[in-house]
Amino acid sequence: MNLNGYRIDIDRIITSITTAHARTIAIQLPEGLRQHAMTLAERISKKTKATVMVCADPCYGACDLAADRLKGLGVDLIVHIGHIEIPVLKSATPTVYANAVSMRDPAKVVAAAIPKLTGIRIGIETTAQHLGELTTIEDTLRNHGLVPVVGRGDGRIAAMGQILGCDFSSATDIQDQVDCFLFVGSGMFHPVGLALATRKPVVAADPYTGVVSREEIETEKDALLRQRYAAIASAQTASRFGIILGVKAGQQRRDQALQLQSLLTEAGKTSMLLLLDQCSPVVLQSFAEVECFVSTACPRIALDDAALYARPVLTPVDLEVVLGRRPWDEYVFDQILG
Ligand code: SF4
């Protein structure tokens, strides 16, 4: 099934449902595919005769396992569309992952990116949607006399060369073996995160727009660092902190949240642990006593959505700087590793 230039293997979904004899299924899908949710639900329901429910809560990644929220609804199988699994996470309800696979051949944009690359050994990084094109990307680099290098990553990474917005371990694994990184995919968050996590030059090639970026990534990286510096500065005088502990299965950093609370106590600050599923300005606004929040949930809450919040939202790394535990020149990208 072709949706917005992405292919979803609907036959595999239907086979999985019938093989599991699932009578009630729940579909999770990201915002970008929701315009097709009714068509998908109808098609699956017709082919399998199963009762199909669609999760309307936001779903930003495979870190969000719906199983706990669906207890009591008789769901036999969850169909998670648009992401691939995070291997270390185990769902309490059987879950089938159906990736949204890019239908764009990246060879042309990768060839266009070559003049912007530095050196010979090139680390390749991409998101789940483009993993099927890894061989094409490697071959294109080899045809231009370059040496592609692909990293394995940790237990949260399902396939070689894959990065998540919270996990750049497939890149940090190989950062000492490469001269620069080539990111194939869309948007700026991943390449900027890659540049901050590895401190190596990054070139981004977007197969959808055909745009190649390098200087723009440096500009965005500098802007993000300035934004973090400002957040850290504005938190210096705060004495009451809210530590956000994400309850989504793949965002839980309990030990780190407790460790941050100890650091704050040692520094003479007051803090409270806040269990949170879906972070938003409206939810945080009601905690009027809190002067500053620290998010141990998805790093994108603090890094990508900072402008949405009236009070500073720090990453754990930011807080270390605020408390004098980490010098600013050793600032690193916040990651959830596994
Ligand atoms: S924690 Fe955030 S960046 Fe990581 S997979 Fe989940 S939504 Fe994506």
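Predicted model: local features only at pLDDT ≥ 70, side-chain atom pairs only at ≥ 80, totals over all residues.

Author: The residues around the ligand are Tyr60, Cys63, Gly165, Cys166, Gln251 and Cys298. Four of this shell are nonpolar, two are polar and none is charged.

Now to the rings. A pair of aromatic rings is described by two things: the distance of the centres and the angle of the planes. Two rings pair if their centres lie within 6.5 Å. The count comes to five aromatic pairs. Take the pair of phenylalanine 189 and phenylalanine 333. Their ring centres are 5.9 Å apart and their planes stand at 65°, so this pair is edge-to-face; the cut-off for that label is over 60 degrees.

Where do phenylalanine 189 and phenylalanine 333 lie? Phenylalanine 189 belongs to helix α6, residues 189–198. Phenylalanine 333 is in the segment after α11, which covers 316–322. The pair therefore ties together parts that are 144 residues apart in sequence. Both phenylalanine 189 and phenylalanine 333 are buried.

The charged end of arginine 300 sits over the ring of phenylalanine 189, 3.9 Å from the ring centre.

Follow helix α6 onward. Arginine 199 lies in the loop between α6 and β11, and β11 covers 202–205. Most residues other than glycine have a negative phi. Arginine 199 has a positive phi, near 60°. Is arginine 199 buried, exposed or partly exposed? Its relative accessible area is 46%, so arginine 199 is partly exposed.

Histidine 21 is not a glycine either, and its phi is positive at about 55°. Its place is the loop between α1 (10–19) and β3 (24–28). Histidine 21 has 65% relative accessibility, so it counts as exposed.

One more loop is worth a look. Cysteine 59 lies between β4 (51–54) and β5 (77–81). Its relative accessibility is 4%, so cysteine 59 counts as buried. From cysteine 59 to aspartate 206 is 147 residues in sequence. In space, C-alpha to C-alpha, cysteine 59 and aspartate 206 are 23 Å apart.

Conventions
Residues numbered from 1 in each chain as written. Heavy atoms only, no water. Near = heavy atom within 4 Å. Nonpolar A, V, L, I, M, F, W, Y, C, P; charged D, E, K, R; others polar. Phe/Tyr/Trp six-rings, centres within 6.5 Å; stacked < 30°, edge-to-face > 60°. Helix = DSSP H or I, 4+ residues; strand = E, 2+ residues; numbered from the N terminus. Buried < 20%, exposed > 50% of the residue type's maximum accessible area, 1.4 Å probe, protein only. Lys NZ or Arg CZ within 6 Å of the ring centre and 35° of its normal.
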